[in-house]
Amino acid sequence: MREENMRFGQFIRAKRLADRRELTQKDVADRLGISLTLLSDIEKGRRKPFDSEKIETFCAFLELSDSDRSRMYDLAARETGEVPSDIDDTFMYSDIGDLARHALRLSNAGVIGAEDWRDFIRQVEEKRGKTD
């Protein structure tokens with residue numbers, strides 16, 4: 001399956017199966033404090049993704065990267081139609097969020113394109129590299 005078409009359940013299943021410990025659904029369900037049936041339904045896309053607390057527990061248990069963690073939040077948000085819960089406070093209740101929403105609306109209007117975003121991110125990463 002192409003990465004951009006992956007759903008939350010497919011992602012967590014792939015990560016579970018890729019784990020060196022050969023984790024079963026029961027292993028993960030027990031660690032998350034959810035039923036085996038619920039985890040199975042989530043993996044099969046029959047139920048909504050689990051909440052941010054469970055995402056954090058899943059990521060810690062499977063020792064996932066920050067990139068994988070962000071991907072999980074984004075996939076969960078895509079399926080629930082909400083702002084990713086790891087950034088919702090910043091996005092909705094801060095000056096930075098106001099700026100981000102404004103910039104996204106400019107993108108929607110065709111004023112800012114993908115290359116503009118790439119340039120911005122490159123500049124930020126270069127700046128961080130110089131100060132880290």
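Q: Where is E63 found?
A: In this predicted model, local features need pLDDT of at least 70 and side-chain atom pairs count only at pLDDT 80 or more, while totals for chains, interfaces and linings use all residues. Residues are numbered from 1 along each chain as its sequence is written, and side-chain values use heavy atoms, with hydrogens and water left out. Helices are DSSP runs of H or I with at least four residues, strands are runs of E with at least two, and both are numbered from the N terminus. On that numbering, E63 is found in the loop between α4 and α5.

Q: What is the phi of E63?
A: Most residues other than glycine have a negative phi. E63 is not a glycine, yet its phi is positive, at about 55 degrees.

Q: Is E63 buried or exposed?
A: Buried means under 20% relative accessible area, exposed over 50%, and partly exposed in between (1.4 Å probe, protein chains only). E63 has a relative accessible area of 56%, so E63 is exposed.

Q: Which loop holds E22, a residue with a positive phi that is not a glycine?
A: E22 has a phi of about 55 degrees. With a relative accessible area of 67%, E22 is exposed. Its place is in the loop between α1 and α2.

Q: How many helices are in the chain?
A: From the N terminus on, the elements run α-α-α-α-α-α-α-α. The chain has 0 strands, and its helices number 8.

Q: Why do the buried residues of α1 lie on the same side of the helix?
A: Helix α1 (residues 8-18) has F8, G9, F11, I12 and R16 buried. The arc is that of the directions from the helix axis to the C-beta atoms. These residues are on the same side of α1 because they cover an arc of only 160 degrees.

Q: Which helices are included in what covers the buried residues of α1?
A: Contact means heavy atoms within 4.5 Å. The cover of these residues includes α2 (25-32), α3 (36-43), α4 (52-62) and α5 (66-80).

Q: What kind of aromatic pair do F50 and F58 form?
A: Rings of Phe, Tyr and Trp (its six-membered ring) pair if their centres lie within 6.5 Å; planes under 30 degrees apart count as stacked, over 60 as edge-to-face and the rest as tilted. F50 is buried at 9% relative accessibility, and F58 is buried at 1%. Their rings are 6.1 Å apart centre to centre with 45 degrees between the planes, and the pair is tilted.

Q: What kind of aromatic pair do W117 and F120 form?
A: Both lie in helix α8 (residues 114-131), 3 residues apart, about one turn of the helix. W117 is partly exposed at 27% relative accessibility, and F120 is partly exposed at 47%. The ring centres are 6.5 Å apart and the planes are at 85 degrees, so the pair is edge-to-face.

Q: Which residues form one aromatic cluster?
A: The structure holds 3 aromatic pairs. One aromatic cluster is formed by F8, F50 and F58.

Q: Which residues is S40 in contact with, leaving aside its neighbours within four places in sequence?
A: S40 is found in helix α3. It is buried, with a relative accessible area of 12%. Apart from those sequence neighbours, S40 is in contact with Q25 and R46.

Q: What share of the residues in the chain is buried?
A: The C-alpha atoms fill a box of roughly 45 × 35 × 30 Å along the principal axes. Of the 132 residues, the buried share is 29%.
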